[in-house]
Amino acid sequence: MAMTHNVTEFIFLGLSPNQLVQKVCFVIFLLLYVAIVLGNFLIVLTVMSSRSLGSPMYFFLSYLSFAEICYASTTAPRLISDLLAERKAISLWGCMSQLFFIHLFGGTEIFLLTLMAYDRYVAICKPLNYTTIMNRQACAFLVGAAWVGGFVHSLAQILLVFRLPFCGPNVIDHYFCDVLPLLKLACSDTFLVGLLIVANGGTLSVISFVALLASYVVILLHLRTRSSEGRRKALSTCGSHITVVTLFFGPCVFIYLRPSTTLSADKMVAVFYTVITPLLNPVIYSLRNAEVKKAMKRLWIRAMKLEER
C-alpha cells in the first residue's frame, strides 16, 4: 500500500469541550501524574536500596514500576498541557512516536506481568529449585526478553498504521494517538489492517492473560496440599499481582480485542489504563506487601538521619 500523508498534523478533541471541566481536569491529572511518578519511583528506589527485597519478584517489580513511569509519561504530560491549550495539535511524526512508545511500554508491561506470574509459580510449586531456576542471570535475560517483546509488538503496530494513507480529515476524537482512532481517519479500506492490529494487540493480551490464569490455577491446585498458614502466606504474595493483572488486562482486552471501531466509552477506559492503573500499582504493592512497607519505612528512617546530619 502506497503511503499518502497529505495530513501533516492531527487535532485532538480531548476529554471535554467544556472549559471549566478542562481546568478542573488539569489540576486533577497534574496531581495524578505527579503521584504516578513519585509512587513508582519510590518502589524502584526501595527495591534498589533494600537488601531484603533482593528476590526475583521485587527485581521484576522494580522494572514494572519503571515501565509504568515511562508508560504514563507518553500520554499524561501531553494530556495535561492540552487541557489548557485552545488548539490541541500534534504533528504526524509526533503522533507516530507517541503511538510507538505507548505500545512499547504497554507491551513490555504485559510481558513483565507474565514473568511475575511465572516467578510466583516457580516459588510456590518448585521451591527447592527456585534459586537455581530464577537466578540473577536468568532474571536479567527474562527482563531483556520482555523489553524486546514490547519492541517487536510496538514495531508491528507502527508499521501497520504508518503505511495507511492519511488524506484528511485530521481530527482525532481522543486525547492521544492510538491505533483505532487513526484507523478511523485513514482514507482507504482498513478491514485487513484492523484484523492484523487486533491479532497483534488483542491476541497478545489474551494469550498473556490466559497464561497468567493458567499459572494461578496450577498454583491454587498445588496449594491444596499446604497447611492453612502456608496457603495464606503464598496467596498474600500473589494477591497484589492478581489485582494489578485484572486492572491492566481488563481495559486492554476491551479496547484491542474487538473490531476496529471506536466507542464513546473508549476515552474513559483509556484514562483508566493510562493514568489510574499506573497510579494504583504502587499503592497496591506497598499496602498489600509487608516486606515492601518495612523496606520503605527503613528507607524513610535512613533519609531522616541523613537530613539531621
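Predicted model: local features only at pLDDT ≥ 70, side-chain atom pairs only at ≥ 80, totals over all residues.
Residues are numbered from 1 along each chain as its sequence is written, and side-chain values use heavy atoms, without hydrogens and water.

Helices are DSSP runs (H or I, at least four residues) numbered from the N terminus. H1 covers residues 19-49 and has 31 residues. From first to last C-alpha H1 reaches 44 Å, close to the expected 45 Å, the expected span being 1.5 Å times one less than the number of residues. Buried residues (under 20% relative accessible area, 1.4 Å probe, protein chains only; exposed is over 50%, partly exposed in between) of H1 include Phe29, Tyr33 and Ile36.

The whole structure holds 11 aromatic pairs. Rings of Phe, Tyr and Trp (its six-membered ring) pair if their centres lie within 6.5 Å; planes under 30 degrees apart count as stacked, over 60 as edge-to-face and the rest as tilted. Two of the pairs are tabulated.

| Pair | Centre distance | Plane angle | Class |
|---|---|---|---|
| Phenylalanine 59 and tyrosine 63 | 5.2 Å | 65° | edge-to-face |
| Tyrosine 118 and tyrosine 121 | 6.3 Å | 35° | tilted |

Phenylalanine 59 and tyrosine 63 are four residues apart in helix H2 (residues 56-73), and therefore about one helical turn separates them. Phenylalanine 59 is buried at 14% relative accessibility, whereas tyrosine 63 is partly exposed at 31%. Tyrosine 118 and tyrosine 121 lie three residues apart in helix H4 (residues 92-125).

Notes: Helix = DSSP H or I, 4+ residues; strand = E, 2+ residues; numbered from the N terminus.
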